[in-house]
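Subject: Structure handover

Hello,

Here is the structure for your files. Please open it alongside the notes that follow.

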Amino acid sequence: MIWNEKIETMPLADLKNLQSERLVKLVNYVYQRCPVYKQKFDQAGVQPSNIKTIDDIVKLPFTTKHDMRDYYPFGLFSVPRTELAEIHVSSGTTGNPTLVGYTHDDIKLWGEVMARAFCCAGAVPDDTIQIAYGYGLFTGGLGAHYGALEMGMTIIPTSSGQTKRQLKIMQDFKPRILACTPSYCLYMADEARDIGIDPRSSSWKIGVFGAEPWSESMRGEIEATWNMLATDIYGLSEIIGPGVSQECHLKTGLHLFSDVFYPEIIDPDTGKPVAEGQDGELVITTLTKQGIPLIRYRTRDIVSMTSQPCKCGRTSPRTSKIKGRTDDMIVVRGINVFPSQIEHILLGIDGTHPHYQLIIDRQAHKLDEVEIMVEVDEKLFSDEIKQMHSLEQKIKKEIEAVLSIGVTVKLVEPKTIARSEGKAKRVIDKRSL
Amino acid sequence: MAKQLTIFLENRPGRIKSICDVLQVNNLNIWAFAIQDRGEFGLVKLVVDKPAQAQVALVECGVACALKEVLAITAPDKPGNLDRLTSTLSQKNVNIKDAYGFVSTGDKQGVCFLEVQNVNGVDVAKLISENGFRVLSDEELYAL
């Protein structure tokens with residue numbers, strides 16, 4: 001079923017009018033309410049009155065992850081804190097995390113787009129859904145929850161982890177829909193076999209998988225292993241969390257809910273739009289958000305996009321899966337990790353920048369593993385074995401506290417980490433996604 | 001006092017060899033060594049004939065190492081001497097953090113290198129000397 005048939009199948013000309021109308025409202029809204037945006041507009045020499053249709057959006061300045069950090073915590077908000085119903089925090093590049101906030105209407109919007117996403121994947125209101133995304137500051141769990149609530153599904157909010165319990169709940173309550181990260185889904189298959197459950201006999205028939213990059217081959221593996229339809233969902237907390245776009249059962253791209261999240265694909269170097277179908281950076285404007293509306297937010301995700309309506313009847317544009325990043329962010333078990341965060345932690349420990357390297361690996365059917373190699377230079381070196389060991393533990397603890405995922409720290413000898421042109425390669429991603 | 005080189009090494013094949021290579025090239029002689037293993041890495045402790053020169057050579061090769069003073073204690077190579085030494089320390093509640101040794105073949109003297117803690121104001125060198133052992137100076141050690 002199509003959740004919001006009027007909007008999701010709207011003729012393109014009408015959709016464009018709706019976007020134009022919303023953009024005009026939005027620029028006036030942020031110009032009046034958010035001093036940071038007023039300043040950004042003034043500096044770019046653009047006034048709300050210059051924006052008449054959605055095509056004028058190119059006149060507006062971009063918003064970046066740096067803005068999120070620089071104006072932390074509430075600088076980019078367009079409402080006072082008292083109007084916020086909920087806030088979520090994800091990891092930032094260094095120091096400050098990325099804070100987002102939702103008004104009651106924003107939460108309703110979140111529920112609406114997530115309901116669209118679940119229906120797009122094939123769920124119906126009579127379904128039971130097991131939500132195994134983490135609940136908490138991470139947007140995955142609660143975002144899915146609001147969507148399922150809006151749709152009227154029966155929700156089992158298992159959150160992430162406790163795999164044996166997840167499997168028991170699946171067997172006992174027979175949910176048809178599963179929402180979690182794709183790697184966790186595969187991980188659960190191994191656990192299932194260990195306790196004598198045949199994954200192919202599971203009740204899960206539709207998976208809504210996201211929060212980390214995954215490939216077509218991984219999809220094939222999940223579908224064959226669990227005998228289910230595996231669909232991709234995309235989102236980022238800055239825009240709303242999950243629910244920006246979602247694949248339908250035809251699996252020919254992710255439907256981007258462009259009546260509320262207006263997409264552009266640009267050349268990351270020039271900032272100019274690329275031709276339809278070409279790879280570029282996805283830029284999103286939140287057309288109707290109230291709490292922290294963002295103008296032309298640069299997601300740093302590389303995708304391609306088509307505006308050809310889909311055979312499923314939806315008229316929204318469709319993007320490819322994420323093909324890469326314009327920065328060095330990596331996603332590990334749904335958590336955004338920036339090498340600069342590691343650098344920041346190491347700087348805090350000994351006041352210098354030791355050489356380090358992140359190695360991300362995913363063994364077959366296992367969760368991602370992060371190993372951090374840190375070169376022991378003169379500053380870090382202690383001639384006491386106990387102190388070396390406690391240094392290792394300290395680095396591990398501090399990194400785990402910031403990233404909220406378990407890591408392995410390995411102290412290595414100076415000059416062990418390969419350098420090219422004097423600069424060490426910070427990330428080695430061995431995952432075959 | 002005698003000097004000890006402490007060297008950080010990863011626990012994998014060829015790492016100790018790499019240190020020995022540097023010492024060999026610089027014609028430095030190893031008197032004693034010990035290894036503390038901590039899983040993925042370890043510390044190698046070396047007593048060599050020219051410690052300062054060895055440190056410079058190792059640092060130039062990018063090795064993380066430090067030079068520190070340790071007690072070099074001698075006693076005749078006879079049964080019961082290490083027991084006497086450790087009893088002396090334990091009576092004063094001095095903790096031995098690390099110890100290793102060798103026997104000098106010429107005059108049948110045992111040499112023990114000690115790192116201690118919890119000294120609580122005890123002059124360990126004096127205590128040992130008063131109990132019939134000899135604490136070697138740099139020169140005495142390298143003259144053995």
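Two strands count as paired if DSSP finds at least two bridges between them. Helices (H or I, at least four residues) and strands (E, at least two) are DSSP runs, numbered from the N terminus.

This is a predicted model, in which local features need pLDDT of at least 70, side-chain atom pairs count only at pLDDT 80 or more, and totals for chains, interfaces and linings use all residues. Residues are numbered from 1 along each chain as its sequence is written, chains are lettered from A and ligands numbered from 1 in the order in which they are written, and side-chain values use heavy atoms, with hydrogens and water left out.

Strands first.

Strand β7 (residues 229-236) of chain A runs antiparallel to β8(A), joined by four bridges. In this pair, A:Ile233 sits opposite A:Gln246 of β8(A). The two strands make a hairpin, with four residues between them. On to β9 (residues 254-256) of chain A: β8(A) pairs with it through three bridges, again in the antiparallel sense. Here A:Gln246 has A:His255 as its bridge partner in β9(A). β8(A) and β9(A) also form a hairpin, with six residues between them. In that turn, A:Lys251 has a positive phi of about 55°. Strand β8 (residues 241-247) of chain A is mostly covered, with seven of its seven residues buried. Buried means under 20% relative accessible area, exposed over 50%, and partly exposed in between (1.4 Å probe, protein chains only).

There is also an open, antiparallel sheet of four strands in chain A, ordered β10-β11-β12-β15. Its edge strands, β10 (261-266) and β15 (324-325), each pair on one side only. Inside the sheet, four bridges join β11 (residues 280-286) to β12 (residues 297-303) of chain A. A:Val283 faces A:Arg298 in β12(A).

Now the charged pairs.

Over all chains, the search finds 42 salt bridges (a side-chain nitrogen of Lys or Arg within 4 Å of a carboxyl oxygen of Asp or Glu). A:Asp368 bonds in this way to A:Arg431, with the closest N and O atoms 2.6 Å apart. The pair links distant parts of the chain, 63 residues apart. A:Asp368 lies in the loop between β18 (356-361) and β19 (369-375), and A:Arg431 in the segment after β23 (427-429), in chain A. Both residues, A:Asp368 and A:Arg431, are buried.

In chain B, B:Glu10 and B:Arg12 form a salt bridge at 2.8 Å, N to O. B:Glu10 is buried at 6% relative accessibility, while B:Arg12 is partly exposed at 38%. One network of salt bridges links A:Glu384, B:Lys45, B:Lys68, B:Lys97, B:Asp98 and B:Glu115.

Best wishes
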